[in-house]
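Here is a short report on one protein chain. It moves from the overall layout to local detail.

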Amino acid sequence: MYGPKGQSSGGGRPSAAPKKITVPDIRARKAGGPPIAMVTAYDFTMARLLDEGGADMLLVGDSLGMVVQGHPTTLPVTVEEICYHGRAVARGARRAHVVGDLPFMSFQLSPMQALESAGRLMKDGAFESVKIEGGEEVAEHVRRIVTAGIPVCAHIGLTPQSVHAMGGFKVQGKGDDAAARLVRDAQALDEAGAYAIVLEAIPPDLAEEITAAVSVPTIGIGAGAGCDGQVLVCYDMLGMYPDLRPRFAKRFAEVGEQIMAATRAYVEEVQARTFPGAEHSFKPNGPRRIPPPAEPAAATAVLEEIPPHWQTH
């Protein structure tokens, strides 16, 4: 699993590469086929595991600011950091489509800034599409990016980059006016050329209404089962946080507990000197044959030739 793409983990004959999921494939899920399964990823190893597990899309989200870097929000994340993690994920994704987040203040100034940042993600981050937060106010940004040949996944509802304006991580689209605004946002982004729209933390009936109102797939997170797909943060999905259980996230494993248990077992065996055992060690050299010390060489007198002018007659 650790070798380059197309190589078997045992170093033997290269394995056949699976068919890569493309933007047209994702669009086609709107008309039929299984719902889209998107998961976040931030490094090569996790990307390869999620890819081999069947994930359709891998999102290098600015959520890395919280789950990888330990910040309380996504705001400190930079384009350079998204690109760094994107290159690692792209090396691990043989089948899944890889999309990268446009981080805070990388697109808000203007459509041209958005295009430049999207171009950097594609060139420097090895992404296959970009994701942008916002509704009608970024429709022109989306249009400009798509016109340049860069696919865009939109994101409305709870947009974490606006956490302070929203007063925290709260459900959006509650009430008639707020719901109608999100429907307009989704339609504007659809018309601008987005190939999919993430719907985060909105009532499930509103998510179904939006899904029916747009021509592209919707991907929900905390938006009910009526979307065309779902996305989860990989660490939430794997149960990596013992004390954090978001309402919208189902734990499909308890990897956090397994990591702590494995670490405790490792520490105990190291301290007891039961690890490493013979099965984890290389073949010993065996007794060494040390040759006896060599006899010192006999001293040889060095006779210097007497210069001719020193000789007596």
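The protein chain holds 11 helices and eight strands (DSSP runs numbered from the N terminus; helices are H or I with at least four residues, strands E with at least two). Its radius of gyration is 30 Å, well over the 20 Å that the globule rule gives for 313 residues, so the chain is more spread out than a compact globule. That radius is taken over C-alpha atoms, and the rule is 2.2 Å times the number of residues to the power 0.38.

This is a predicted model: local features need pLDDT of at least 70, side-chain atom pairs count only at pLDDT 80 or more, and totals for chains, interfaces and linings use all residues. Residues are numbered from 1 along each chain as its sequence is written, and side-chain values use heavy atoms, without hydrogens and water.

| Property of the protein chain | Value |
|---|---|
| Accessible surface (Shrake-Rupley, 1.4 Å probe) | about 17700 Å² |

Helix H2 covers residues 44–52. Its buried residues are Phe44, Met46, Ala47, Arg48, Leu50 and Asp51. Their cover includes strands S1 (36–40) and S2 (57–60) and helices H4 (79–92) and H10 (234–237). Asp43 caps the N-terminal end of H2, with a side-chain oxygen 3.1 Å from the backbone nitrogen of Thr45. Just after H2, Gly54 has a positive phi of about 105 degrees.

His155 lies in strand S5 (residues 152–157). His155 is buried, at 4% relative accessible area. Beyond four places in sequence, its contacts (heavy atoms within 4.5 Å) include Ile132, Pro160 and Val198.

Methods: Buried < 20%, exposed > 50% of the residue type's maximum accessible area, 1.4 Å probe, protein only. Polar contact = N/O pair within 3.5 Å; in protein donor to acceptor, adjacent residues only side chain to side chain.
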